[in-house]
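User: Hi! Could you walk me through the inside of this one, starting with the core and then moving to the pockets?

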Amino acid sequence: ALHREYGEATFDSGLYRSLNTVACAVQNELITPQIELEYLKKFGFWQPVDTDGVEEATGTLNFNTPADKASLSYGQGSSVTTLHLLQAYSAVFGNGSMVKPHFVESIRDAYDSSKVVYQAETEITGTPITSATAKQLQTILYETCNNPAGTAYYYRIPECEMIGKTGTTEV
């Protein structure tokens with residue numbers, strides 16, 4: 001098994017280096033597991049996104065034991081859907097305003113393409129973070145892709161300016 005010593009880490013570097021220990025420290029030293037859960041629910045996790053009539057799962061929240069709560073801080077132990085992630089990231093990219101994701105922009109009549117049968121509308125589903133917080137997250141997530149210590153550094157696309165966050169899965 002690979003073992004790395006990271007030494008001291010700032011909260012920012014803990015995010016772009018994806019350090020579980022820093023996530024746990026934030027959850028337990030700066031806030032509480034309950035406050036983290038309240039924030040995650042403001043982002044719409046574990047609730048239906050309800051978009052475009054698509055059937056969806058709502059994920060599974062495991063929030064009983066101390067281990068459940070710790071693993072939630074770094075994104076394991078509970079599950080969310082891609083729709084949840086799209087909606088949540090929209091708050092970061094939208095400077096605090098979270099919007100409902102859509103699969104379909106519009107549907108036009110097969111015989112008269114000027115006739116719109118369905119048109120998706122932008123729907124703000126919440127403002128879980130402030131604009132200042134969203135902009136700070138954008139700066140940190142830029143480091144994930146563009147700082148050599150960032151976990152997405154080797155996934156950069158030279159022609160694109162990227163920000164992002166890597167994840168870990170349990171299989």
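User: Which residues touch the most other members of the largest nonpolar core?
Analyst: Keeping in mind that this is a predicted model, those are Phe43, Phe45, Trp46, Leu72 and Ile129, out of 14 residues in that core.

User: And which elements give two or more residues to this core?
Analyst: Those are H3, H5 and H6. H5 gives the most, with three residues.

User: Let's pick Ile129. What does Ile129 touch?
Analyst: Leaving aside residues up to four places away in sequence, Ile129 is in contact with Phe43, Ala91, Val92, Gly96, Ala134 and Leu137.

User: How do the lining residues of the largest pocket divide by class?
Analyst: There are 25 nonpolar, 17 polar and four charged residues.

User: What about the second largest pocket, how much space lies there?
Analyst: About 350 Å³. Of its 16 lining residues, Tyr6, Arg17, Ser18, Leu19 and Asn20 are the closest to the centre.

User: And what is its lining like by class?
Analyst: The lining of the second largest pocket has nine polar, five nonpolar and two charged residues.

Technical notes
Residues are numbered from 1 along each chain as its sequence is written. This is a predicted model: local features need pLDDT of at least 70, side-chain atom pairs count only at pLDDT 80 or more; totals for chains, interfaces and linings use all residues. Side-chain values use heavy atoms; hydrogens and water are left out. Ala, Val, Leu, Ile, Met, Phe, Trp, Tyr, Cys and Pro count as nonpolar, Asp, Glu, Lys and Arg as charged, and the others, Gly among them, as polar. On a 1 Å grid over the protein atoms alone, a cavity is a set of points where a 1.4 Å probe fits but cannot get out, and a pocket is an open set with protein on both sides within 12 Å along at least five of seven lines; lining residues have an atom within 4 Å of a point. Grid points are joined across faces, edges and corners, and a volume is the space filled by probe spheres set on the points. A nonpolar core is a set of buried Ala, Val, Leu, Ile, Met, Phe, Trp, Tyr and Cys residues joined through side-chain atoms within 4.5 Å. Buried means under 20% relative accessible area, exposed over 50%, partly exposed in between (1.4 Å probe, protein chains only). Helices (H or I, at least four residues) and strands (E, at least two) are DSSP runs, numbered from the N terminus. Contact means heavy atoms within 4.5 Å.
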